Amino acid sequence: MTDEEAADEFGKVVNMTPKELERWLETEESRSVGQTEGGGESTGHASGRRIVELLRANRSDLGKQDYAHMNKVVGYVHRHLAQRPSGDVSDTRWRYSLMNWGHDPLK
């Protein structure tokens, strides 16, 4: 995937605004999900903070690592959406994990 393609797809899968994502990342639900190493911040929570930075950045300021993270976000969201549980997903760990990655499946 080219940098341009990664940025375009990132713009499609990340459907939360920087402000919405920041507010979400402050919640207990956000901190309660995801894989952690040594009991610290989860991978998804850290990714959410990085996504806020990417959403606020000028495209001209982005580097290879930024586009690589966009690609990682796109892959995660697509994989996770394919595992949607049945029923109401409003208050599920599945939704909370996706929201940490900037995608609210209820939007």
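# Briefing: helix packing and aromatic pairs in a predicted model

The protein averages a pLDDT of 95, and 100% of the residues score at least 70.

**Nonpolar core**

- The largest nonpolar core has 25 residues. Phe10, Leu21, Trp24, Met70 and Val73 touch the most other members.
- Five helices each supply at least two residues of this core: α1 (3–13), α2, α4 (43–56), α5 and α6 (93–100).
- Helix α5 gives the most to this core, with 6 residues.
- Met70 is in contact with Ala6, Ala7, Phe10, Leu54 and Leu62, leaving aside its neighbours within four places in sequence.

**Helix α5**

- Helix α5 runs over residues 64–81. Its 18 residues should span 26 Å at 1.5 Å a residue. The end C-alpha atoms of α5 are 26 Å apart, which agrees.
- The buried residues in α5 are Asp66, Tyr67, His69, Met70, Val73, Val74, Tyr76, Val77 and His80.
- The cover over the buried residues of α5 includes α1, α4 and α6.
- His69 lies in α5. Is His69 buried or exposed? It counts as buried, because its relative accessibility is 10% and the cut-off for buried is under 20%.
- His69 touches Ser47, Arg50, Ile51 and Leu54, not counting residues up to four places away in sequence.

**Helix α6**

- In α6, 7 of the 8 residues are buried, so this helix is largely enclosed by the rest of the structure.
- Those buried residues are Trp94, Arg95, Tyr96, Ser97, Leu98, Met99 and Asn100.
- The buried residues of α6 pack against α2, α3, α4 and α5.

**Aromatic pairs**

- How many aromatic pairs does the structure hold? There are 2 aromatic pairs.
- Trp24 and Tyr96 form a tilted pair. Their centres are 5.3 Å apart, with 45° between the planes.
- This pair links distant parts of the chain. Trp24 sits in helix α2 and Tyr96 in helix α6, 72 residues apart.
- Trp24 is buried, with a relative accessible area of 10%. Tyr96 also counts as buried, at 13% relative accessibility.
- Tyr76 and Trp101 form a stacked pair. The distance is 4.3 Å centre to centre, and the planes are 15° apart.
- Tyr76 lies in helix α5 and Trp101 in the segment after α6, so this pair ties together parts that are 25 residues apart in sequence.
- Both Tyr76 and Trp101 are buried.

- Lys64 is found in helix α5. Why does Lys64 count as exposed? Its relative accessible area is 63%, and exposed means over 50%.
- The side chain of Lys64 makes a polar contact with the side chain of Asp3, at 3.1 Å.
- Lys64 and Gly34 are 30 residues apart in sequence. In space they are 25 Å apart, C-alpha to C-alpha.
- Met1 is placed in the segment before α1. At 59% relative accessibility, Met1 counts as exposed.
- Met1 touches Ala6 and Asn71, not counting residues up to four places away in sequence.
- Met1 and Trp24 are 23 residues apart in sequence and 29 Å apart in space, C-alpha to C-alpha.

Notes
Residues are numbered from 1 along each chain as its sequence is written. This is a predicted model: local features need pLDDT of at least 70, side-chain atom pairs count only at pLDDT 80 or more; totals for chains, interfaces and linings use all residues. Side-chain values use heavy atoms; hydrogens and water are left out. pLDDT is the predictor's confidence in each residue, from 0 to 100. Helices (H or I, at least four residues) and strands (E, at least two) are DSSP runs, numbered from the N terminus. Buried means under 20% relative accessible area, exposed over 50%, partly exposed in between (1.4 Å probe, protein chains only). A polar contact is a pair of N or O atoms within 3.5 Å; within protein, one must be able to donate a hydrogen and the other to accept it, and residues adjacent in sequence count only if both atoms are side-chain atoms. A nonpolar core is a set of buried Ala, Val, Leu, Ile, Met, Phe, Trp, Tyr and Cys residues joined through side-chain atoms within 4.5 Å. Contact means heavy atoms within 4.5 Å. Rings of Phe, Tyr and Trp (its six-membered ring) pair if their centres lie within 6.5 Å; planes under 30 degrees apart count as stacked, over 60 as edge-to-face and the rest as tilted. The expected span of a helix is 1.5 Å times one less than its number of residues.
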